[in-house]
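Hi,

Here is the structure I promised to pass on. Have a look at it first, and then read on for what turned up.

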Amino acid sequence: MAIDQVNVEIVAREVIRPSSPTLNHLRKFNLSLLDQLAPVSYEPLVLLYSNFQQQLTGTHESQRLKRSLSETLTRFYPLAGRIQDGASIECNDLGAVFVESRVSCLLSKFLEKPDAEAIRKFIPVETESPEALTGSLVLVQANFFACGGLAIGVCISHKAADPVTFSTFIKAWAAAAFRSVDDISVLPLFNASSLFPPQNLPLTRPAAVELMNDKCVTKRLVFDASKIAALRAKAVSESVTCPTRVEAVTALIWKCAMNASRSNSEHLRYSILSQSVNLRKRMVPPLPENTFGNLVGYFASCATECEIELQSLVGQLRKGLRDFGENYVEKLGEDKAFMAVCESFQEAGSLLQEGNVDFYASTDFCRFPFYGIDFGWGKPTWVTIPTGANKNVATIMDTRDGEGVEAWVTLTEEDMAFFERDRELLAAASLDPSALDLIMPMSSL
């Protein structure tokens, strides 16, 4: 649905404070080094609920969301504070922002053709806002549709939380709203700064690769389970005998993006794809998933003009992850490993400035339990990650059935013109399909 057809009117805005004041000895929360290196941005999420089970009118749902958010902020008390010096959070209980809006269209009409720009209307702050460093760490926007549907947009500062912590927070919030006995199981652990002590760094992260804001276009791709199975079979090689669905989909998107870029360039260009990895399960011993903060690392995979086939790209993705484990994870306790990370950012930035490399970034949200988030009125009809304005970025996550993959891909206008016509891509994925096709019958939307 085009952005000009989605009218979102803000009707209320307030601050939600923790239900209980933070104790004095907890008033200063030290960030970890990995928090310090995290980008100054917000991580966004939008959960859309139909009125299939009950009419969502606004008043009751807003009160439930606000009450449970207040209770959850008590347990996740750093998220109610403010970053004060780049190395710590002042846990002053200033709270989270809660915005309520009314959406003029029907949820079913919006889901017929979801639009990336329109989706951004459902979140309360721009993802690239500097407020992620200086302002509220959590912002929520409850968007009530005319039909009774609801879209909950949540933004959490990346300086305080990675996707795993984001997921832990959302699960705890929903459990509190639902008065679930399981909410105790998602209590956060606040020990990351003892594992990765903060350093004397600038308030922003070290000079890094910037994905420049050229004039960009974002498209949505949906890969169903059968097409993914065929893609995985095609990607099998001696070095990777059993590609994962994420590897197969990521490699295909990377391949088609490279082909598009090279079609618009007079010269063959070197290509780098950056991906993130959850460090919790890779530590020795592993850390619990509810360890709070940024416990994420980044690894790069490289491709030359000779490595454009799907098999070789999957091999490069697997090699990048393996090298990351061998060269980085094993040295996590050594200060020199962190300096190497900073140097790698500088190195990649230098390559970009020379103009001889295309840099891509892919974020994987598959296997996150977002489709299980129930605030008391059922599970989400559709879940999506709003995209920013940066070029050469892909975000992938599960479809509602847990078997397929949805991807949002942002490229320059010139590259997207080639990308969206790539025959190999279109044979494996549907381009900008209706989200209703992925959802159970919803006659009441």
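Two strands count as paired if DSSP finds at least two bridges between them. With that in mind, and remembering that this is a predicted model, take aspartate 364: its bridge partner in β14 is isoleucine 396. The strands involved, β12 and β14 (residues 393-398), pair in the parallel sense, over four bridges.

**The chain as a whole**

The chain has 445 residues, and 58% of them are buried. Its secondary structure amounts to 13 helices and 16 strands. If you take the contacts between residues at least 6 apart in sequence, 80% of them join residues at least 24 apart. The accessible surface comes to about 18800 Å², with 52% of that belonging to carbon and sulfur atoms.

**Two open sheets**

Strands of a sheet pair through backbone hydrogen bonds, either parallel or antiparallel. The β12-β14 pair belongs to an open sheet of seven strands with mixed pairing, in the order β11-β10-β12-β14-β15-β9-β16. Its edge strands, β11 and β16 (430-431), each pair on one side only.

There is also an open sheet of six strands, again with mixed pairing, and here the order is β1-β6-β7-β8-β3-β13. The edges are formed by β1 (8-16) and β13 (382-384), each of which pairs on one side only. From one strand to the next, the twist averages 15°. Helix α2 (residues 59-75) packs on this sheet and touches β1, β6 (96-103), β7 (138-145) and β8 (150-157). The direction of α2 makes about 165° with that of β6.

At the β13 end, strand β3 (residues 42-49) pairs with β13 in the antiparallel sense over three bridges. Leucine 47 has valine 383 as its bridge partner in β13. Another helix, α6 (residues 163-178), lies across β3, β7 and β8 and runs at about 135° to β8.

**A pocket and a cavity**

Rolling a probe the size of a water molecule over the atoms shows where empty space is left. Which residues lie nearest the centre of the second largest pocket? They are Asn278, Lys281, Asp364, Cys366 and Arg367, out of 33 lining residues. The volume of the second largest pocket is about 820 Å³. Six elements supply at least two lining residues each: α6, α9 (245-263), β10 (270-278), β11 (296-303), α10 (310-327) and β12 (357-364). The largest share, five residues, comes from α6.

The largest cavity has a volume of about 100 Å³. It is lined by 13 residues, and those closest to its centre are Ile253, Trp254, Leu273, Tyr360 and Ala394. At least two lining residues come from each of α9, β12, β14 and β15 (405-412). Here α9 gives the largest share, with four residues.

**Backbone details to check**

Most residues other than glycine have a negative phi, and most peptide bonds are trans. These spots may interest you:

- Valine 284 and proline 285 are joined by a cis peptide bond, with omega about -5°. Proline 285 sits in the loop between β10 and β11.
- Aspartate 93 is not a glycine, yet has a positive phi of about 60°. This aspartate 93 is in the loop between β5 (88-90) and β6. Aspartate 93 counts as buried because its relative accessible area is 9%, and the cut-off for buried is under 20%.
- Arginine 367 has a positive phi as well, near 75°. Its place is the loop between β12 and β13. Is arginine 367 buried or exposed? Arginine 367 is exposed, because its relative accessible area is 59% and exposed means over 50%.

Leucine 37 and glutamine 199 are 162 residues apart in sequence, while their C-alpha atoms are 10.0 Å apart in space.

Best wishes

Definitions and conventions
Residues are numbered from 1 along each chain as its sequence is written. This is a predicted model: local features need pLDDT of at least 70, side-chain atom pairs count only at pLDDT 80 or more; totals for chains, interfaces and linings use all residues. Side-chain values use heavy atoms; hydrogens and water are left out. Axes are lines fitted to C-alpha atoms, for helices over the stretch in contact, and angles run from 0 to 180 degrees between N-to-C directions. Contact means heavy atoms within 4.5 Å. Buried means under 20% relative accessible area, exposed over 50%, partly exposed in between (1.4 Å probe, protein chains only). Accessible areas come from the Shrake-Rupley method with a 1.4 Å probe; for residues, only the protein chains shown count as cover. On a 1 Å grid over the protein atoms alone, a cavity is a set of points where a 1.4 Å probe fits but cannot get out, and a pocket is an open set with protein on both sides within 12 Å along at least five of seven lines; lining residues have an atom within 4 Å of a point. Grid points are joined across faces, edges and corners, and a volume is the space filled by probe spheres set on the points.
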